[in-house]
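Dear colleague,

I would be grateful if you could look at it alongside the notes that come after it.

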Amino acid sequence: MASNRANPSFRLNEQIPLSASGKQVPAALSMMVDSMTSMVERAKIDLENVDQRARADLENIDQRARKDVALLDQRAREDIQKIDQKARKDIAILDKRAREDHELLRKVRKNRGLTS
């Protein structure tokens with residue numbers, strides 16, 4: 001009976017002496033290795049393509065985010081300016097009223113003869 005065990009003294013690159021009926025095994029093995037090599041190469045190319053698309057997507061997202069941040073920054077500055085202007089107007093009104101109240105109080109004290 002013929003043994004189906006692999007001979008450990010043979011390497012993959014070496015030619016294995018086979019009988020006429022055994023020649024299909026190395027051909028199938030060679031086809032399988034070629035197919036696997038081709039699949040690995042395609043997978044590597046696909047991975048590189050995915051990596052390139054991911055980098056491009058990240059660059060686009062980064063650019064959009066920078067534009068969005070710039071727009072938000074501009075709007076925030078405008079809002080701060082509006083709030084600052086309103087606060088200055090409100091302070092001016094309060095200051096004017098406080099001065100008027102102070103002047104009125106001074107006149108009332110003067111008329112009553114009170115000094116402070």
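The notes below describe what was found in this structure.

This is a predicted model, in which local features need pLDDT of at least 70 and side-chain atom pairs count only at pLDDT 80 or more, while totals for chains, interfaces and linings use all residues. Residues are numbered from 1 along each chain as its sequence is written, and side-chain values use heavy atoms, with hydrogens and water left out.

Overall picture

The chain contains one helix and zero strands. Helices (H or I, at least four residues) and strands (E, at least two) are DSSP runs, numbered from the N terminus. Helix α1 covers residues 24-112. Of the 116 residues of the chain, 1% count as buried; here buried means under 20% relative accessible area, exposed means over 50%, and partly exposed lies in between (1.4 Å probe, protein chains only). The accessible surface of the chain comes to about 11700 Å², and 56% of this belongs to carbon and sulfur atoms. Accessible areas come from the Shrake-Rupley method with a 1.4 Å probe, and for residues only the protein chains shown count as cover.

Salt bridges

A salt bridge is a side-chain nitrogen of Lys or Arg within 4 Å of a carboxyl oxygen of Asp or Glu. By this rule, the count is seven. Asp-84 counts as partly exposed because its relative accessibility is 34%, whereas Arg-88 is exposed, at 57%.

Asp-95 and Arg-99 also meet through their side chains in a salt bridge (2.9 Å, N to O). Because they are four residues apart in helix α1, about one helical turn separates them. Asp-95 has a relative accessible area of 36% and is therefore partly exposed; Arg-99 has 58% and so counts as exposed.

Glu-103 forms a salt bridge with Arg-106, with 2.7 Å between the closest N and O atoms. These two residues of helix α1 are three residues apart, again about one turn. Glu-103, at 30% relative accessibility, is partly exposed, and Arg-106 is partly exposed at 48%.

A nonpolar patch

Leu-29, Met-32, Val-33, Met-36 and Met-39 make a nonpolar surface patch of about 460 Å². Patches are made of residues with over 30% relative accessible area and no salt bridge; like charges are joined within 9 Å, and nonpolar side chains (Val, Leu, Ile, Met, Phe, Trp, Tyr) within 5 Å. Met-36 lies in helix α1 and counts as partly exposed because its relative accessibility is 48%.

Yours sincerely
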